[in-house]
Amino acid sequence: MKVNPFLLTDYYKVGHVFQYPDKTELVYSNLTPRKSRLQDIDEMVFFGLQYFIKEYLVSYFNEEIFQQPKEKVMADYKRRIVSSLGAHLPSYEHLAALHDLGYLPVEIKALPEGSRVPMRVPCLTIVNTISEFYWLTNFLETLLSAVIWQPSTSATIAYTYRKLLNKYACETGMPMDFVQWQGHDFSFRGMSSLETSVLSGMGHLLSFTGTDTIPAIDALEQYYNANADLELIGGSVAATEHSVMCSGSKDGELETFKRLITQVYPTGIVSIVSDTWDLWKVCTEYLPALKEIITNRNGKVVIRPDSGDPVKIICGDPDGNTEAERRGVIELLWDVFGGTVTDKGFKLLDPHIGAIYGDSINIERATLICERLKAKGFASQVVFGIGSYTYQYNTRDTFGTAMKATYVVVDGEGREIFKDPVTDDGTKRSATGLLQVKRENGSYVLIDRVSWEEEKQGELRTVFKDGKLVRECSLRDIRKHLSVKI
C-alpha cells in the first residue's frame with residue numbers, strides 16, 4: 001500500500017507545526033531505549049536504521065512526494081485531513097515549502113548498527129538543518145519509531161540466544177560451526193506483516209545463519225550491501241511438513257521415512273517432522289528399522305518433534321508414562337545410533353542423526369533444554385526453531401524505545417529542555433540538552449547538556465543529511481560490531 005508520506009504519522013503530529021513557540025528554528029531529538037522488560041538483558045542491539053533511511057527517507061519520500069506533482073500531493077493530504085479532522089489546518093504552506101525544497105532537511109547521527117546500547121543511552125539523534133523546517137524533526141518520530149523498534153528488539157533477542165548457545169557449546173564441547181546454525185528463524189508465518197517478518201528476520205541473521213525467512217536474505221543484500229555469492233548470509237535445509245507425512249498415511253509412515261531418505265533426499269540434510277502421530281514409535285521402532293540406511297547415508301536425518309512440552313520431549317520426563325517419554329528424544333537417538341564423546345566429556349550423537357525443536361521455543365525453555373541435556377551428560381546439540389513465540393511477543397515497550405526532544409532554538413536562543421513526569425518511576429525521564437555518547441570501558445555512556453562543539457565529537461556519527469545517506473554499513477560490519485563470530 002502506498003500512502004502519501006505526509007500522512008505516515010499520528011494525527012496529533014499534523015498540528016504541532018503551529019504549536020511550537022513563535023520563531024522556533026531548531027528541534028533536536030534522540031531515539032533511546034529507556035527500560036528493558038526482559039530479564040537479564042540490559043543492552044539493546046541497535047539495528048534497522050539503514051533500512052529505514054533507504055526505504056523511507058530516500059526511496060519512499062522521493063517517489064511519493066518529491067517526484068509527484070505538488071498539486072496532487074497537497075490535494076491528497078488536504079482531503080485526508082478534512083475528511084478525518086473535519087476542518088482545514090490553519091495553513092499547509094510548511095508542506096508545500098518542503099515539496100518545493102525537494103529533499104528532507106534533517107541530519108541523523110547514530111551509533112554503528114550492531115552496537116550493544118545500554119538502557120538510557122541514545123542510539124541516534126535527529127535535527128533539522130534548515131530553520132523553517134523545525135517541525136520536521138519530530139514529525140518523523142512515528143515512522144522512525146515504528147520501523148526501528150522491531151529489528152532492534154529481534155536482533156537483541158537473537159544475540160541473547162547466541163550468547164546462551166555459545167556458553168553451552170563451550171561447556172559441553174560442541175563445535176562453534178554448529179552453533180551458528182543452532183538458532184533457526186521459524187517466525188515468518190507468525191509475524192504481524194511481511195515487513196515485520198523481514199525486519200525481524202534480518203535481526204536474527206546478525207547472530208545466526210539458519211533461517212526459513214527467505215526474504216530476509218534478499219533484504220540484507222538490498223539494504224545492507226551483503227552478497228550471498230561472496231559470503232554466508234543465511235541458509236536452510238530440506239524439510240517436510242505434516243501434510244507430507246499425512247499424505248503417506250499413518251500406516252505407511254515408515255515407508256514415507258524410507259522414501260524420503262533413500263529416493264527424495266539420498267544425500268544431504270533432511271529434517272522430517274516426526275510427531276504427526278506417535279513420536280515415540282518413530283524413535284523406538286522406525287529409526288531402529290532404518291538405522292543401517294541412515295548411518296550409511298551421506299548426510300544427516302534430523303528428527304523434528306513439533307508438539308508438547310519442549311523440555312520434556314527433548315530431555316525426557318521423569319514422570320512420563322512410558323520408558324520412551326522418560327528418556328526423551330536425544331537419549332533415544334543415542335540408544336539407537338550412539339556417537340562420540342566430546343573433549344569436554346559429553347555425549348555427541350552420530351553425525352548421521354540429529355534433532356530440531358521449533359514449537360513455542362523461548363529463551364527460558366532453550367536454557368532449560370541445554371541445562372538438562374548437560375546434566376544428563378549430553379552436549380548441547382539440539383537445533384532450536386525460533387519462531388514468533390519469541391519474536392512477535394514484543395512491543396516498542398520491550399525496551400521502552402522512544403524519541404524525545406532535548407534541545408530547541410527559539411528566536412536565536414538555545415534552550416535545554418527535558419521531560420521528567422512527577423507521576424513516573426523515572427523510566428520516562430529524558431536526557432537534557434545537546435547530547436554526546438562516549439565509549440568508556442567497552443560500553444557506551446551518555447553525557448548530556450554539552451556544547452555544540454562537544455556534540456560533534458563522540459560516537460554518534462552522521463549517517464543521513466539533507467536527503468542523502470552519507471555513511472553506509474554492511475552486514476559484515478554489523479556482525480563485527482556485534483562481536484558474534486560467524
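The protein is divided into domain 1 (5-152 + 398-474) and domain 2 (159-392), with bounds that come from an automatic or database domain assignment. The model is predicted, and local features need pLDDT of at least 70, side-chain atom pairs count only at pLDDT 80 or more, and totals for chains, interfaces and linings use all residues. Residues are numbered from 1 along each chain as its sequence is written, and side-chain values use heavy atoms, with hydrogens and water left out.

Taken over C-alpha atoms, the centres of domain 1 and domain 2 are separated by 41 Å. The contact (heavy atoms within 4.5 Å) takes 18 residues from domain 1 and 16 residues from domain 2. About 1500 Å² is buried between the two domains, 62% of it given by carbon and sulfur atoms; buried area is the accessible area (1.4 Å probe) that two parts lose on being put together, summed over both. Of the area that domain 1 buries against domain 2, F47, Y51 and Q150 supply 44%, more than any other three residues.

Between domain 1 and domain 2 there are 11 residue pairs in polar contact, both residues at pLDDT 80 or more. A polar contact is a pair of N or O atoms within 3.5 Å; within protein, one must be able to donate a hydrogen and the other to accept it, and residues adjacent in sequence count only if both atoms are side-chain atoms.

On the side of domain 1 that touches domain 2, α1 (49-66) and α5 (141-172) each supply at least two residues. The most comes from α1, with 6 residues. Helices are DSSP runs (H or I, at least four residues), numbered from the N terminus.
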